[in-house]
Every structure is written in structure tokens, then in C-alpha cells.
Amino acid sequence: MMQLDGRSDHWPDPQTDYEREALSFCRDWRSGRETFVLQTSGSTGTPKPIPLTRTQMQASARLTGQTLGLTPGDGALVCLNIRYVAGVMMLVRGLELGLRMTVVEPASDPLETLPPPIPPFDFTALVPLQLETLLSVPGRREVLNRMKAVIVGGAAVSPALEEALQAVQAPVYSTYGMTETVSHIALRRLNGSDRSDLFTALEGVELGVDDRSCLNIRSAATDFARIQTNDVVELREGGRFRLLGRADSIINSGGLKIQPEQVEAVLSPLLAPRRYVVVGLPDERLGEQVTLVLEAEKLPEALLAEVRHLVRSQMGPFFVPRQQRTLPVFPLTPTGKIDRKTIRTTLIP
């Protein structure tokens with residue numbers, strides 16, 4: 001654990017390699033460095049370096065502060081990997097907004113290494129696994145309840161987690177963004193009376209879609225370049241959109257284009273907390289066959305029958321998984337996301 005005050009240039013001596021890395025970034029930022037190169041997570045392809053300018057990162061940090069009502073002196077828990085955009089932007093927010101930062105190495109329970117009493121925090125960014133853990137450990141929910149805002153990203157928030165978040169008093173938001181957009185450019189409220197199933201773009205962010213219904217983005221954080229994504233959306237008025245899934249994960253089964261993420265969401269009440277994905281595997285008749293892939297072990301026949309009935313009743317017969325396959329352990333990207341492409345490749349003979 002390392003305490004950093006974004007309002008000061010007097011910082012402690014780092015005790016670990018991770019702390020040295022965090023402090024090195026902060027010193028580079030304070031020195032006025034103009035360009036930083038970050039790696040993408042690899043969740044949508046081969047990881048690649050992305051150069052980001054200081055101006056882009058400042059625009060993103062200030063917009064987050066404005067949107068969430070963060071003020072100098074607020075406490076921030078920095079617990080995402082600082083080698084990627086989500087973690088490094090927590091440091092930039094701290095430095096640009098004058099936040100008091102508590103930097104801890106990424107862990108499923110980010111509060112585990114903090115000595116009692118745990119200090120109050122106003123803001124943090126988490127991945128779903130961390131949020132699930134904090135809700136399951138006694139006393140952790142109270143830490144969340146005292147915050148001005150909690151943002152969660154890096155992977156989809158399951159329906160079960162979203163329901164559990166209704167017991168959290170602090171506003172919790174799902175984020176949409178990527179390295180190229182300098183972290184999030186849209187938020188979706190997950191709890192409370194303002195809960196929504198639509199993302200809303202932050203102020204000044206322009207949205208559009210291409211002929212595949214894939215989102216494109218233009219903002220100060222993109223240096224006003226238009227970034228084209230492979231994310232299929234339903235775009236609404238007022239900068240709102242519903243995220244449907246990835247264009248490069250679509251299953252073409254008998255001429256019908258199936259978004260596997262939607263099938264996975266329907267299955268969550270039955271299969272959570274198991275790890276599973278839906279992929280398309282080659283089929284001579286259909287082109288691709290909808291396939292349920294599970295980690296470690298197959299479903300019992302009775303549960304598999306429930307799965308098929310649920311999908312058929314909610315989505316129709318063409319969306320029903322025709323077979324189930326397993327892998328001993330799911331491959332993950334460097335940021336801990338399930339690597340859907342590698343799973344599919346592994347299962348193709």
C-alpha cells in the first residue's frame with residue numbers, strides 16, 4: 001500500500017516494484033511529459049501499443065471529475081492494474097483533480113492489505129470480480145456506501161451482480177470505453193432510482209454508428225479523431241445506447257446472425273457463478289452451431305434441458321445451444337477477461 005496526495009510533490013519511498021512503477025508514472029506526469037504509450041488489454045485481438053497525449057488524458061480525467069462531482073482532497077482507492085489504461089487513468093485523475101490516493105496492487109479484495117481502520121474513500125474503479133468480493137466480505141459494503149461514486153468496467157456486469165448492487169447506497173456505474181478513448185466515455189447507472197439499461201455518453205462525446213451498427217466515438221479524449229469500434233449497439237437519442245456485443249463474436253447460424261453476449265445474459269440466472277461463454281463452432285449444415293462452453297465440467301442433463309428451455313422461451317429456437325463443450329481452464333487476457341477467441345480456436349479441430 002502506498003499513499004499519494006495529488007496536491008503535493010512530496011511522496012513516500014516505494015516499498016515494492018509495483019509501487020516504484022506507480023511512482024515513476026506520477027513523476028513523469030509531474031515533469032510535464034507529453035506522450036505515454038499504453039498497451040491494449042488484448043480482449044479484442046493481439047495486444048498493441050497505443051500512444052496517448054497528455055492533453056487527451058487530462059481531458060478524460062477532468063470530464064470524469066466533473067461528471068462524478070470529485071473535488072480536491074477526495075480520497076481515491078487505486079486498485080486496478082496501472083500497466084493498463086483503467087489503472088493509469090486513476091493515477092492521472094488523482095494528479096489532475098488533487099485526490100488523496102491509496103495505491104494497492106490488484107487483488108480480488110482490494111481492501112485486504114489495508115490496516116484497520118480502513119480509511120473512508122470517495123471514489124474507486126473496480127472490475128466486477130472485485131465488486132463481487134467486496135459485497136461478500138463482512139464490513140466491506142459500508143466502505144462502498146460512503147463513496148461519492150464507484151465505477152466498474154473491464155468485463156460485463158452480470159444480472160446477479162447488478163441485483164446485489166441494489167443494496168449499495170453509493171451510486172455505482174458501469175463504464176464503456178477502451179484504451180483508444182482514454183478509458184470511459186459513457187456510463188450506465190447500475191443501482192438506485194436512476195438505474196438504467198442504457199449507457200449515456202459524457203458531456204462533449206459525439207457518437208455514431210457504421211453500416212454494421214458498430215459504435216464510433218469522437219471527443220476531446222480521442223483528440224477529436226473518430227474512433228471506430230467493433231461494438232454493436234442500439235443507438236438512441238441524447239447520446240444513449242444499448243451495448244449488444246462484439247461484431248467479431250457474432251455467430252452466423254443458418255443465415256441468422258446471433259449475438260452470443262445476449263444469449264449469455266439470458267443464461268446468467270441459471271448458470272452463475274459458473275464460468276461459461278457461448279461461441280459458434282463450424283457446422284456443415286448451419287455454417288456455425290451455437291455452442292455453450294463451460295469451464296471444468298459439463299452441465300447435468302436436467303440443467304442443460306432448463307438452459308435450452310429458457311433460451312427457447314426468451315429468444316426463440318435458433319438461439320438455443322445445440323451442444324455443450326468444456327475446457328479445463330478458460331484462457332484469460334492480461335487484464336483478466338475471458339479470452340473468447342482463444343476458446344473458440346482451441347475447440348475447432
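Mentor: Before we start, helices (H or I, at least four residues) and strands (E, at least two) are DSSP runs, numbered from the N terminus. Keep in mind that this is a predicted model, where local features need pLDDT of at least 70 and side-chain atom pairs count only at pLDDT 80 or more, while totals for chains, interfaces and linings use all residues. Residues are numbered from 1 along each chain as its sequence is written, and side-chain values use heavy atoms, with hydrogens and water left out.

Trainee: Got it. Where is Pro-117 found, then?

Mentor: Pro-117 sits in the loop that links β5 (100-103) to β6 (123-126). The peptide bond between Pro-116 and Pro-117 is cis, with omega about -5 degrees.

Trainee: And what about the bond from Ala-272 to Pro-273?

Mentor: That peptide bond is cis too, with omega near 10 degrees. Pro-273 belongs to the loop between α7 (260-271) and β17.

Trainee: Back to β5. Which way do β1 and β5 run, parallel or antiparallel?

Mentor: Antiparallel: 4 bridges join β1 (residues 2-5) to β5. For strands to count as paired, DSSP has to find at least two bridges between them. Within that pairing, Leu-4 stands opposite Met-101 of β5.

Trainee: How many bridges join β4 to β5?

Mentor: There are 4, and β4 (residues 75-78) runs parallel to β5. Met-101 turns up here as well, as the β5 bridge partner of Ala-76.

Trainee: Switching topic: how many disulfides are there?

Mentor: The count is 0, taking a disulfide as a pair of cysteine sulfur atoms within 2.5 Å. Cys-26, for one, is in no disulfide, and its nearest cysteine sulfur, on Cys-79, is 15 Å away.

Trainee: Is Cys-26 buried or exposed?

Mentor: Cys-26 counts as buried because its relative accessible area is 0%. The cut-offs are under 20% relative accessible area for buried, over 50% for exposed, and partly exposed in between (1.4 Å probe, protein chains only). Cys-214 is buried as well, again with a relative accessible area of 0%.

Trainee: Which residues have a positive phi without being glycine?

Mentor: Ser-183 has one, at about 70 degrees, and Ala-296 has one at about 85 degrees. Ser-183 is part of strand β9 (residues 183-189) and is buried, with a relative accessible area of 7%. Ala-296 lies in the loop between β18 (287-295) and α8 (301-315) and is exposed, at 54%.

Trainee: Which backbone nitrogen lies 2.7 Å from a polar atom of the Glu-19 side chain?

Mentor: The one of Gln-15. Glu-19 itself is in helix α1 (residues 17-30). Beyond its neighbours within four places in sequence, Glu-19 is in contact (heavy atoms within 4.5 Å) with Met-1, Met-2 and Pro-14.

Trainee: One more: where does Val-278 lie?

Mentor: Val-278 is in strand β17 (residues 276-283), buried with a relative accessible area of 0%. Leaving aside neighbours within four places in sequence, Val-278 has contacts including Ile-251, Leu-267, Val-290 and Arg-340.

Technical notes
A polar contact is a pair of N or O atoms within 3.5 Å; within protein, one must be able to donate a hydrogen and the other to accept it, and residues adjacent in sequence count only if both atoms are side-chain atoms.
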